[in-house]
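Dear colleague,

Please find below the structure that I am handing over to you.

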Amino acid sequence: MTALLQIEDLTLDLPGIGPLLKGVSLHVDDGEAVALVGESGSGKSLTTRAALGLFPGRSRLSGTVSVRGLDTVTASRQELLALRRQRASMIFQDPRAGINPVRTVGDFLTETLVRWKGLPGAESRERAVKQLEQVGLGRARELMDQYPHQLSGGMLQRVMIAAALLDSPELLLCDEPTTALDVTTQAGIVRLLRDEQQARGMGMLFITHDLNLAASLCDRVYVLRHGEVVENGATRSVFLAPQRDYTRELLAATPTIETDGGRPDGGDVAGADGAGPAASEVPLLEAAGLSKRYELRSGEVITALDGADFRLRAGGSLGVVGESGSGKSTLARLVVALETASDGELTLGGSARPRRPLKAGERKLLAKDVQIVFQDPYLSLDPRIPVGRAVADVFRLHRKQGRREAMQSSRDLLERVGITSARFEAKPRALSGGQRQRVALAKALAARPRLLVLDEATSALDVSVQAQVLELVEELREQLGLTILFVTHDLAVVSRLCSELLVMRQGRIVEQGATARILSAPEHEYTRTLIGSRPRALWESDGVGDAAHAVAV
Amino acid sequence: MTLTLQLPQTGIRRYGSLLSPLAWAALLVSAAVVLAALLAPALAPYDPDYVDLNNVLAGPNAQHLLGTDALGRDLLSRIMFGGRTALLGPTIVVLGSTAAGLLLGLAAGWSDGWTGKVLGRVFDLLFSFPALLLAMLSIALFGKGLFAPILAMTIAYVPYVARLTQGLVVAERTRPYVQAYRVLGFRTPWVVLGRVMPNLIPTVGAQSALNFGYVLADLAALSFIGLGVQPPTSDWGAMIEESRGALLGGYVLPAFWPAFVVVLVVVAVNVIGEELSDRIGGKLS
């Protein structure tokens with residue numbers, strides 16, 4: 001029998017852009033789960049798409065991509081269609097982008113069966129229902145008549161997996177299928193993929209930027225960088241004994257939960273609940289019964305944040321962890337006054353925040369107390385303004401500096417966050433994600449805030465870049481005596497940066513205290529689930545993963 | 001060792017690489033027409049109003065490249081001079097409606113409260129009046145000529161720009177970069193006029209380019225029915241109207257040339273406008 005997927009020396013050159021793949025070779029055998037790991041721009045998606053004969057237009061190709069002996073580089077349209085219908089299926093990152101929002105789940109699932117396999121409608125429905133049950137969705141019959149918007153992201157990704165499995169593919173291609181999902185949801189999906197892959201003896205190629213995820217799912221791994229395979233081999237040996245520097249860097253940059261309290265900042269570990277030596281100090285930020293409700297047009301009231309109580313002392317670092325809908329972003333937006341509280345008190349630097357939108361003068365004063373860095377570095381900078389001027393504008397506003405003086409201050413600050421003066425005149429689009437986030441940081445710091453809110457500020461970055469930006473934040477925090485409020489879904493990032501921690505769920509704080517204590521001995525059930533859901537390598541004990549599996553879905 | 005530098009292309013070269021051949025052709029046509037109109041006094045072979053009764057309704061020949069009309073006036077010269085009034089009107093209308101529409105749209109989009117809602121309804125109200133009807137009302141008030149229709153058209157085209165701007169602003173104000181400006185303490189007028197507005201101008205400009213074509217056709221129609229530019233001033237719409245008699249007598253060219261130029265310019269401007277909005281749309285997505 002010919003190999004399931006065999007890519008040999010695949011080179012892809014896009015005129016005007018340059019070579020994107022430089023001689024990639026890899027193979028996937030029947031019944032094998034293989035990970036393709038790399039950072040953005042490494043060519044991992046291109047490689048995977050090549051298996052389906054999906055190449056960007058005008059690209060120059062060489063090498064072979066053979067799926068059961070069919071070379072997709074030279075195959076005809078008909079052959080490729082047959083391949084996509086019968087042999088290979090693909091699952092994408094964003095399940096919502098891949099499904100027609102005005103058609104029901106049932107329509108979506110049965111379409112291929114009716115049109116291509118020629119099955120009668122009733123039988124198609126039966127098979128679709130069975131498949132939905134098999135991927136762990138309850139009430140499958142009701143689900144068939146529901147629309148995509150009625151389903152959560154995790155449920156929808158299960159529907160997509162069901163659709164992919166309905167064709168009984170021999171090869172399953174997964175392009176970051178869990179990246180858009182919460183960590184507890186991810187754990188369930190990963191388990192499902194692993195079970196299905198083994199039960200059906202499918203070959204699976206799993207693309208991810210997350211090394212831990214690859215280790216929790218795949219037997220072999222290819223590490224891709226700049227369109228080249230840097231290293232490959234059994235996942236375990238690549239992880240435990242990496243041969244190449246790049247793999248080592250990647251592994252080192254991948255955040256892991258540190259239960260020793262993150263940075264050794266000693267007295268910092270003052271309980272957020274008021275215990276510890278720092279309790280007597282006046283907190284910089286204090287919330288008492290802080291709530292935010294939104295009223296929908298239907299009259300329904302959504303409680304985004306429900307009675308939050310916490311204190312953050314000056315110079316401290318507080319992590320706020322939760323999944324989507326936990327209210328963590330609402331909390332961040334309340335602190336920087338982008339939202340107004342419905343109830344409760346918010347005190348910053350001893351002065352209580354009025355429960356109404358701020359006036360222009362008040363906002364300007366507040367800007368010197370608190371600043372924020374947002375998640376998406378591609379949206380949080382003004383696309384038209386050169387970065388040097390963007391930072392200089394803040395100096396002119398807050399320090400009353402003249403044009404020339406402000407430009408000099410801007411240059412100094414940008415250099416301090418690692419943006420060389422050669423990039424001073426560059427517009428944001430000419431910068432990488434990491435560089436943009438450094439600029440965003442500089443802009444926020446130019447106002448000289450005492451409190452810096454980071455709202456998922458490193459989530460959109462590659463791991464190696466994330467590690468650098470986190471390092472920068474730590475460094476600046478020490479030098480400037482900043483107080484940090486770090487909002488994130490990633491426990492590992494928090495464990496590294498923050499000495500205190502809030503765990504949030506559905507608008508409520510479920511647990512708070514010293515990070516080290518919470519991570520090593522979580523008290524709340526949900527905190528335990530959150531910690532247990534983190535991907536665990538296949539060769540580590542599987543017991544904790546089972547706990548995560550039980551609560552997912 | 002070779003060092004390859006990938007520098008972002010700047011200025012016109014960047015646009016040039018993105019414009020389709022069709023858009024380039026449209027750009028050339030528009031430029032040629034505008035230049036011909038601007039330089040008419042120097043380039044036109046004859047006085048556009050010079051009547052030569054010995055040479056009426058002549059076909060294209062060496063003396064008169066496009067022929068002459070029923071009064072023996074040179075058609076090429078009249079089209080070149082006619083372009084001055086025909087293009088001036090839409091230019092004023094587009095500039096005026098863009099400026100007013102931008103400001104009103106920004107105001108409507110930025111305020112959550114009553115201002116936005118009321119302005120939105122006012123735009124809807126204006127939308128419900130056809131531009132030509134407004135123009136005729138205005139002519140009834142202010143008399144025939146160029147002023148009345150230009151005023152009316154400007155008002156009629158404000159909602160096209162304002163509605164678009166309002167929608168863009170509503171989307172823009174929730175963007176992180178705008179929120180960052182708020183958190184940094186910049187005042188709203190500075191953010192709106194100094195930072196948000198310039199980011200909208202390419203998109204609004206594309207809409208205005210399309211509007212130019214519509215206004216040109218509308219104003220030509222007004223001149224054609226005798227409410228716009230008055231004889232003897234040469235104007236494309238008026239030229240078509242003046243050639244009605246000749247047309248009935250079987251002489252097509254005196255009406256054809258001005259009509260052809262109107263169509264040419266409207267199509268060219270539309271192509272450019274479409275290209276601009278496609279390019280912007282592509283960049284945003």
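Of the 285 residues of chain B, 41% count as buried, a residue being buried if 20 or more other C-beta atoms, placed from the backbone, lie within 10 Å of its own, exposed if 12 or fewer do, and partly exposed in between. Please note that this is a predicted model, in which local features need pLDDT of at least 70 and side-chain atom pairs count only at pLDDT 80 or more, while totals for chains, interfaces and linings use all residues. Residues are numbered from 1 along each chain as its sequence is written, and chains are lettered from A and ligands numbered from 1 in the order in which they are written.

Chain B

Chain B contains 12 helices and 0 strands; helices (H or I, at least four residues) and strands (E, at least two) are DSSP runs, numbered from the N terminus. Its C-alpha trace spans about 75 × 70 × 30 Å along the principal axes. Among contacts in chain B between residues at least 6 apart in sequence, 68% join residues at least 24 apart, where two residues are in contact if their C-beta atoms, placed from the backbone, lie within 7 Å.

Chain A

Chain A has 20 helices and 20 strands. Its radius of gyration is 25 Å, close to the 24 Å that the globule rule gives for 553 residues, so chain A is as compact as a globular protein of that length. The radius is taken over C-alpha atoms, and the rule is 2.2 Å times the number of residues to the power 0.38. Of the 553 residues of chain A, 46% count as buried.

One open sheet of chain A is formed by 4 strands in the order β12-β11-β14-β15, with antiparallel pairing; two strands pair if DSSP finds at least two bridges between them. At the edges are β12 (301-313) and β15 (351-352) of chain A, each of which pairs on one side only. Strands β11 (residues 283-295) and β14 (residues 343-348) of chain A pair in the antiparallel sense over 5 bridges. Leu285(A) stands opposite Leu348(A) in β14(A).

The contact between the chains

Chain B gives 16 residues to the contact and chain A gives 21 residues. On the side of chain B that touches chain A, α8 (176-183) and α9 (188-224) of chain B each supply at least two residues. The largest share of that side, 6 residues, comes from α8(B).
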